[in-house]
Each structure stands twice: as structure tokens, then as C-alpha cells.
Amino acid sequence: MNKDFTLLFNLCSFILNPRNMTTEDKIKYTEDTLDLDGKQEYTITVYAENRIGLLNRIAIIFSKRKINIESLNSSASEIDGIHRFNIVIHEGYEVVRKLARQIEKQIEVLKVYFNTNDEIIWQELALYKVSTDEIAEKVTVERLLRQYGASAVVIRKDYTVFAVTGHREETDALVKALEPYELIEFVRSARVAIIKDSAGFHEKLKEFEAEEPGEELVENEFLEKGGKIFTM
């Protein structure tokens, strides 16, 4: 019995050793053994009415807790009149969960979600300004731009501006690759992200309306008789 147990233990140890796993197994093993107290990158998605002062109040919630915002994007959402904020931070699960609850207490906020990178589809846009002469004279630069899927936005005699969309690691890698070839300027946008397992926030609004339907509109019977009623 002891020999069988030892054999089983050794077999399990071999399978769970990261050196003996495929890439897919390593990802699955990492997800299953994730320490919820450990810090990692989270994207917080906020659905809210676009009111003056809301962004400032949300920023104060982070600054009070001394949490640095890595990226912040605000845009219109799929629902007319409702804006969507994507906020990227590097924190532990419990901290992020409490932050989300705190943000939801704001009057204008309808719903807050938070997700790890493997739960979302995300992209960032980067612009690169490079000397046009460098591109024309050196084939290496042109190859690099093709390799990273760069597209020309503006072409002038003195410089050319290229755009690349992708993850931060990809846009950073192109910066390093272009440094020897007179990279004049570089700028990157904030993250835009879509949650993989989501039917859209408009479905949530339907659920809210079903749970708490608005009061039925009652027509004012005196509305068209104002002149007669209020005339002295």
C-alpha cells in the first residue's frame, strides 16, 4: 500500500511539475492555483451616466487608497446616454473587489465589473513618428513595421507616422526595435476592453427593469385646462 501511494505521489508530482507541462497545461495550472491575495493586472469596467465631477470622484477613491491607475479610458457605450470607463490597475483580488463596491456607491454609477486579462479582449493603439529618410534608405525599418502590422497614417518628406494596435508588450517591443532608427515620437492610448463572457450591459438593464419596474406614467387631467383653472 505504501509503495502504491509513493508511486501515485511521484506520478502526480511529475505531471504538476511546470517543466513537464505543455503550454496549455501551464496556463490552466496557473489559473487553478492563482493566489487571490497576490497582485495582478485587473481591468475595472464602469457603466455610468456621464456627469461632471464623476471622474474626479472615482480618481479620489483610488488616490485615498494610494493605488496607481495604469490606464484610464472613457467612451460612449452600447447604450445611449451611458458612458463606459475602463480602468487598469495592478492589485490583489480583495482590494479590487472592495474598490468596485465603493465605485458602485456613486449615484451616477449603474454597474461595475472587474476582470483579469484572460477574461477580456483588449487592445491599445500606439503611434510612432519615424524619419522618412530612414524608412526609404534602410530596408530593416520597413521590415520591422511590416512585422508588427504597422499602417501608415501620415507620410511627409521629413517624417512618417505609423499606427499599431495590440497589447502593451507588442507596442513596447516595436519602440525598442525602432530606437536605433531615429524614432522621433511615440505615444500610446489607454486600454479599451470588452468582457468575453458578457451579453452586453443592455441585458442587465432589462433585468433591473424587471426587478424594479418604474412607476406607471399618470397623465395630468388638468394639463390642457391650465388657462381655465388658473385664471383669476
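A: **A sheet and what packs on it**

Strands β1 and β3 pair in the antiparallel sense over 10 bridges. The model is a predicted one: local features require a pLDDT of at least 70, side-chain atom pairs count only at pLDDT 80 or more, and totals for chains, interfaces and linings use all residues. Residues are numbered from 1 along each chain as its sequence is written, and side-chain values use heavy atoms, with hydrogens and water left out.

Helices (H or I, at least four residues) and strands (E, at least two) are DSSP runs numbered from the N terminus. Two strands count as paired if DSSP finds at least two bridges between them. Strands of a sheet pair through backbone hydrogen bonds, either parallel or antiparallel.

β1 and β3 belong to an open sheet of four strands, in the order β2-β3-β1-β4, with antiparallel pairing. The edges are taken by β2 (71-76) and β4; each has a single partner strand, so one side of each is left without a neighbour in the sheet. From one strand to the next, the twist averages 15°. Such angles run from 0 to 180 degrees between N-to-C directions; axes are lines fitted to C-alpha atoms, for helices over the stretch in contact.

Two helices pack on this sheet. Helix α3 touches β1, β2, β3 and β4, and its direction makes about 15° with that of β3. Helix α4 touches β1, β3 and β4, and its direction makes about 165° with that of β4. Contact here means heavy atoms within 4.5 Å.

Next, helix α3 itself. In α3 (residues 54-64), the buried residues are Leu54, Ile58, Ile61 and Phe62. These four lie on the same side of α3, because they cover an arc of only 95° around the axis. The arc is that of the directions from the helix axis to the C-beta atoms. An α-helix has 3.6 residues a turn, so residues three or four places apart point the same way. Buried means under 20% relative accessible area, exposed over 50%, and partly exposed in between (1.4 Å probe, protein chains only). The cover over the buried residues of α3 includes β1, β3 (82-91), α4 (93-104) and β4 (109-116). On the face turned away from that buried side, α3 carries the exposed residues Asn56 and Lys64.

After α3 comes Lys66, in the loop between α3 and β2. Lys66 has a positive phi of about 55° although it is not a glycine. Most residues other than glycine have a negative phi. With a relative accessible area of 76%, Lys66 is exposed.

A nonpolar core is a set of buried Ala, Val, Leu, Ile, Met, Phe, Trp, Tyr and Cys residues joined through side-chain atoms within 4.5 Å. The largest one has 18 residues, of which Ile44, Val46, Phe62, Ile89 and Ile103 touch the most other members. The elements giving two or more residues to this core are β1, α3, β3, α4 and β4. A second, separate core of 15 residues includes Ala126, Val141, Leu144 and Tyr181.

Leaving out residues up to four places away in sequence, Phe62 touches Ile44, Ile67, Ile69, Ile87, Ile89, Leu99 and Ile103.

Back in the sheet, Thr43 sits in strand β1 (residues 40-49). Thr43 is counted as buried because its relative accessible area is 1%. Its side chain makes a polar contact of 2.8 Å with the side chain of Arg191. A polar contact is a pair of N or O atoms within 3.5 Å; within protein, one must be able to donate a hydrogen and the other to accept it, and residues adjacent in sequence count only if both atoms are side-chain atoms. Not counting residues up to four places away in sequence, Thr43 touches Asn86, Ile87, Val88, Tyr113, Phe114, Asn115, Asn117, Ile120, Arg191 and Ala193.
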